[in-house]
Amino acid sequence: MTTKFYTNLKNKNNNDLDGTITLITYKEMAGIYAGEVIPKGSEIVVSGLQVRAIWDVIKDGNCTLNLVVDMDSTYNDADQFQLFYTEDFTNFGIQSVNC
């Protein structure tokens, strides 16, 4: 079973994900601040302004982005995870565009 994460936990129980994109992780990612972990093969549903940021990163073609992800955790509300879309390394892909 694939683990799912959300940039906005309000989407967790929402069947209408219009305007979001779903990423798939190619590598395990550790959070920058709280050290939360998103395992390899997980899905991240991205919404709001961060969708535009993802498209800008892909369009530019050689960037990194700190993605803020809401954590369903007792200890942390959110953490930042570094996405790489560079010539040498990419740690995520677009699984679906939800419209």
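1. Contacts. In this predicted model, 59% of the contacts in the protein chain between residues at least 6 apart in sequence join residues at least 24 apart.

2. Overall dimensions. The radius of gyration of the protein chain is 13 Å, which agrees with the value near 13 Å for a compact globule with 99 residues. The C-alpha trace spans about 35 × 30 × 25 Å along its principal axes. Of the 99 residues, 36% are buried. The protein chain has an accessible surface of about 6100 Å², and carbon and sulfur atoms account for 46% of that surface.

3. Secondary structure. The protein chain contains 8 strands and 1 helix. Read from the N terminus, the order of elements is β-β-β-β-β-α-β-β-β.

4. Strand 5. This strand covers residues 43–46 and has both faces covered. Glu43 and Val45 are buried on one side, while Ile44 and Val46 are buried on the other. Strand 5 pairs with strand 1 (residues 4–6) in the parallel sense, over 3 bridges; here Phe5 stands opposite Ile44. Strand 5 also pairs with strand 2 (residues 20–25), in the antiparallel sense and over 4 bridges. In that pairing, Glu43 is the bridge partner of Ile24.

5. Surface patch. Trp55, Ile94 and Val97 make up a nonpolar patch on the surface, and their accessible area together is about 250 Å². Ile94 belongs to strand 8, residues 92–98. Ile94 counts as partly exposed because its relative accessibility is 33%, and partly exposed lies between the cut-offs of under 20% for buried and over 50% for exposed.

Conventions. Residues are numbered from 1 along each chain as its sequence is written. This is a predicted model: local features need pLDDT of at least 70, side-chain atom pairs count only at pLDDT 80 or more; totals for chains, interfaces and linings use all residues. Side-chain values use heavy atoms; hydrogens and water are left out. Patches are made of residues with over 30% relative accessible area and no salt bridge: like charges are joined within 9 Å, nonpolar side chains (Val, Leu, Ile, Met, Phe, Trp, Tyr) within 5 Å. Accessible areas come from the Shrake-Rupley method with a 1.4 Å probe; for residues, only the protein chains shown count as cover. A salt bridge is a side-chain nitrogen of Lys or Arg within 4 Å of a carboxyl oxygen of Asp or Glu. Helices (H or I, at least four residues) and strands (E, at least two) are DSSP runs, numbered from the N terminus. Buried means under 20% relative accessible area, exposed over 50%, partly exposed in between (1.4 Å probe, protein chains only). Two strands pair if DSSP finds at least two bridges between them. The radius of gyration is taken over C-alpha atoms; the globule rule is 2.2 Å times the number of residues to the power 0.38. Contact means heavy atoms within 4.5 Å.
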